[in-house]
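My notes are set down by topic.

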Amino acid sequence: MLTQAPRGTRDVLPTDSYRWQYVEDKMRHAAAEAGYREVRTPVFEHTELFLRGVGDTTDIVQKEMYTFKDKGDRSITLKPEGTAGAARAFLESNLYADPLPCKMYYLDAPIFRYEAPQSGRLREHHQFGLECFGAQDATADAELILLAYKLLSSLGVKNLSVNINSIGCPECRPKYHAMLKEFLSGRLDQMCPTCQSRFDRNPLRVLDCKEHKCQELVKDAPSMLDVLCDDCKAHFAQLQECLKASGIPYQVDSRIVRGLDYYTKTVFELITTTKDGNLTVCGGGRYDHLVNQLGGPDLPAVGFGMGIERVLMLLDSEGVVIPEPAWYDVFVTYMGENKLSAFTLVQQLRNEGLKADMDHCGRSLKAQFKYANKTGAAITATLGDDEVANGVVKLKHMQTREERTVPRAEVADAVRDMIK
């Protein structure tokens, strides 16, 4: 067991990390284009943050959190989602006193959920998330949906669809809860124990049940869209106007509620069709009262989360090939007793901004060239007795076989020229 990773976790090896870096660079660029700046929050938080923010009727809190007592007898939880931690950081640092909205993103953030590992979702997985605090207009919701759609499309994810819904606000939701409970009351004894426990505390959560039998029982449930208050109705209409103006294909799905209690008004999912069925690749929505629930001012907010493992899995299924970069621009080979000269040349090249290395394993010259070829180095720089004595370096382009002998002081410029 010492040499086996825990179930639901996975190593990102050097042979695969370039793919992560490629996707992460695209994500950073997309966030920066819309004015989002990075936030980094702790891997663990006080458990109370998730009980108050995420909600104690959610699957996350009831079944999936990694919670433990630390040595000070404090209840600590590994982060099961990113929004609550971002909201806590927003409050603790008084960012609400700065000009709003406050736009933040997190990237490669580890998320921990104790659940059966599934496609693109491990017990430890990583998220790209955007959080916008202080923006009440539906233009902010549409901006996030558009950003996610364009990002995924640019990466090569195909067959994307945008599903949106409104789950109302504290003004109109009680009326819907009453309608929903009346509908569910005659079916409750056929539902799973989890749904039965949610009936009184939060009937909306019943619509999010993943049990097939429960899904069938609620397929004809009344829609929240029929009882939206004027404010929620206007907000949802503005969102659709923005999406239409942006040319983003979308559909209204009144069954989307998302899995977290803090959502209000807008909820959305970006879904792609795979050979194994539909797969949600991004989900989010508005959480206008979360900041207040955590003890801060009553500020609107909206955000989304996107699993990086799931994005990479989809790129594989679409046949998207991310080009692997060469390990080195130049690999220094040497003959005889010229190891020290090779070592100093490597440092010179690195100081000039080139990716460079040499043999550290005592290989023969032939084996050094063979290894250099495996690394994908564009250029080899060879030092023999004559080259060292004359202050020159012999360069060779590994693909074109072009060779040059250049003064050591000019080697970096010559390497760049040959690569170009």
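The entries below follow the order of my look-ups.

**Ground rules.** The model is predicted, so I kept to its limits: local features need pLDDT of at least 70, side-chain atom pairs count only at pLDDT 80 or more, and totals for chains, interfaces and linings use all residues. Residues are numbered from 1 along each chain as its sequence is written, and side-chain values use heavy atoms, with hydrogens and water left out.

**Salt bridges.** I began with the charged pairs. A salt bridge here is a side-chain nitrogen of Lys or Arg within 4 Å of a carboxyl oxygen of Asp or Glu. The structure holds 20 of them. I looked up Asp-141 and Arg-286, whose side chains pair at 2.4 Å, N to O. This pair ties together distant parts of the chain, with Asp-141 in helix α5 and Arg-286 in strand β10 (residues 277-286), 145 residues apart. For the element names I used DSSP runs numbered from the N terminus: helices are H or I with at least four residues, strands are E with at least two. Asp-141 and Arg-286 are both buried. Buried means under 20% relative accessible area, exposed over 50%, and partly exposed in between, with a 1.4 Å probe and protein chains only.

Next I took Lys-265, which forms a salt bridge with Asp-231 at 2.8 Å, N to O. Lys-265 sits in strand β9 and Asp-231 in helix α9 (residues 230-246), 34 residues apart. Lys-265 is buried at 10% relative accessible area, while Asp-231 is partly exposed at 46%. I also noted the backbone of Lys-265: phi is near 55 degrees, a positive value in a residue other than glycine.

I checked Arg-404 as well; its salt bridge is to Glu-402, with the closest N and O atoms 2.8 Å apart. Arg-404 is partly exposed at 26%, and Glu-402 is partly exposed at 30%. Asp-16, Arg-19 and Asp-316 are linked in a salt-bridge network.

**Arg-113.** Arg-113 lies in the loop between β5 (102-112) and β6 (124-133). I found a polar atom of the Arg-113 side chain 2.8 Å from the backbone oxygen of Pro-80. Not counting residues up to four places away in sequence, Arg-113 touches Ile-60, Glu-64, Tyr-66, Pro-80, Glu-81, Arg-121 and Arg-123; contact means heavy atoms within 4.5 Å.

Lys-79 is in the loop between β4 (75-78) and α4 (83-92) and is buried at 4% relative accessibility. The side chain of Lys-79 makes a polar contact with that of Thr-41, at 2.9 Å. A polar contact is a pair of N or O atoms within 3.5 Å; within protein, one must be able to donate a hydrogen and the other to accept it, and residues adjacent in sequence count only if both atoms are side-chain atoms. Thr-77 is in strand β4 and buried at 0%. The side chain of Thr-77 makes a polar contact with the side chain of Thr-67, at 2.8 Å.

**Cysteines.** How many disulfides does the structure hold? I found zero, a disulfide being a pair of cysteine sulfur atoms within 2.5 Å. Cys-172 is in none, and the nearest cysteine sulfur, that of Cys-229, is 3.9 Å away. The sulfur of Cys-209 is 3.6 Å from that of Cys-195, its closest cysteine sulfur, which is too far for a bond. Cys-172 is buried at 4%, and Cys-209 is buried at 7%.

**Helix α7.** The buried residues of α7 (residues 193-201) are Thr-194, Cys-195, Arg-198 and Phe-199. They lie on the same side of α7 because they cover an arc of only 150 degrees around the axis, taken from the directions from the helix axis to the C-beta atoms. Pro-193 and Asp-200 are exposed on the other side.

I noted a cis peptide bond between Leu-100 and Pro-101, with omega about 10 degrees. Pro-101 is in the loop between α4 and β5. Asn-159 is not a glycine, yet has a positive phi of about 55 degrees. Asn-159 lies in the loop between α5 (138-155) and β7 (160-166) and is exposed at 52%.
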